[in-house]
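Hi everyone, thanks for making time. I'd like to walk you through one structure today, so let's get it up on the screen.

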Amino acid sequence: MLTEPQAVALQQQLRQRVVPEDAFVGPIRIVAGADVEYDKHSDLIAGAIVLLDADTKTVLEVATHVMKAPFPYIPGLFSFREMPPLLAAFRQLQHRPDVLICDGHGLAHPRRFGLACHLGVELDLPTIGCGKTRLLGQYPDLAPERGATAPLTDEATDEVLGLVVRTQTGINPVFVSVGHRISLASATALVLAMSEAVRLPETTRQADAHARQALLAALQQQ
DNA sequence: GCGACAG
DNA sequence: ATCTTGTCGC
């Protein structure tokens, strides 16, 4: 297994490949969601990638992979834990998505290389980080209406790491940041479009449900 | 030294 | 992440 300093060094090397602007052609037709589920009683984890039609939000394809957790949970090294099952699931897909929305951060990371960046660089795919809670950065009070945004800033460097985005009026916001090959503005627009009546993007909700299902199925066979 | 810390 | 259904409040 990778040691912690080795993982940090790898992040610092790979972060230089991140393209934080729109670098794709054509309309977004297929949006992917990715999530990993954990078993409380063992070290089994299940990753799921779901492909949705961007317009109808219909599920087009699902791929899952169950395995033993390859790396412990360490804030800032999250991707080394969730990447392996997600890559294994992604390799099974028959279609290639236009963009992937991750359950976790992209550039809003201590070394600017969260899970969304890592997956994006590894797959050479446009990716978006969409986390439920903050890893780092500060943000001002946010208007309560759906669509309201506020910058997430690293006050130590004054860098804007991403946007805090209210996807539903009166509901806790989500944290959107660039993963790879997409701008923050495009990423935010897509997250809002995929969250018309729910807090989290429909892609994340579907991925969560399918990862959970795959984990339960594996536990019952075993 | 202390607190914070994606899932 | 996981413990966890019904219940309280707008």
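Okay, let's begin at one particular spot: Pro-151 sits opposite Leu-163, and that leucine is in S7. Before I go further, keep in mind that what you're looking at is a predicted model.

So, how are the two strands S6 and S7 joined? Strand S7 covers residues 159–165, it runs antiparallel to S6, and six bridges link the pair.

Now zoom out to the sheet. It's an open one with eight strands and mixed pairing, and if you read across, the order goes S3-S2-S1-S4-S5-S8-S7-S6. Which strands are at the edges? Those are S3, residues 59–68, and S6, residues 149–154, and each of them pairs on one side only. If you ignore direction, neighbouring strands in this sheet are turned against each other by 25° on average.

Next, the helices on the sheet. Helix H3, which spans residues 115–123, packs there and touches strand S4 (99–102), strand S5 (127–131) and strand S8 (174–180). The direction of H3 makes about 160° with that of S5. Then there's helix H4, residues 184–193, which also packs on the sheet. Its list of touched strands is S1, S4, S5, S6, S7 and S8, and the direction of H4 makes about 130° with that of S8.

Let me pick out one residue in S1. That strand runs over residues 30–38, and Gly-33 is in it. Is Gly-33 buried or exposed? It counts as buried, because its relative accessibility is 0%. And what does Gly-33 touch, if we leave out residues up to four places away in sequence? The contacts are Ala-48, Ile-49, Val-50, Leu-100, Ile-101, Thr-203 and Ala-207. Leu-52 is 19 residues from Gly-33 along the chain, and the C-alpha atoms of those two are 7.9 Å apart.

For Thr-133 it's the side chain: one of its N or O atoms is 2.7 Å from a phosphate oxygen. Over at Leu-115, a backbone N or O atom lies 3.1 Å from a base nitrogen of the DNA.

And that's my tour, so over to you.

Terms used: Residues numbered from 1 in each chain as written. Chains lettered and ligands numbered in written order. Predicted model: local features only at pLDDT ≥ 70, side-chain atom pairs only at ≥ 80, totals over all residues. Heavy atoms only, no water. Polar contact = N/O pair within 3.5 Å; in protein donor to acceptor, adjacent residues only side chain to side chain. Helix = DSSP H or I, 4+ residues; strand = E, 2+ residues; numbered from the N terminus. Buried < 20%, exposed > 50% of the residue type's maximum accessible area, 1.4 Å probe, protein only. Contact = heavy atoms within 4.5 Å. Pairing = 2+ DSSP bridges. Axes fitted to C-alpha atoms, helices over the stretch in contact; angles between N-to-C directions.
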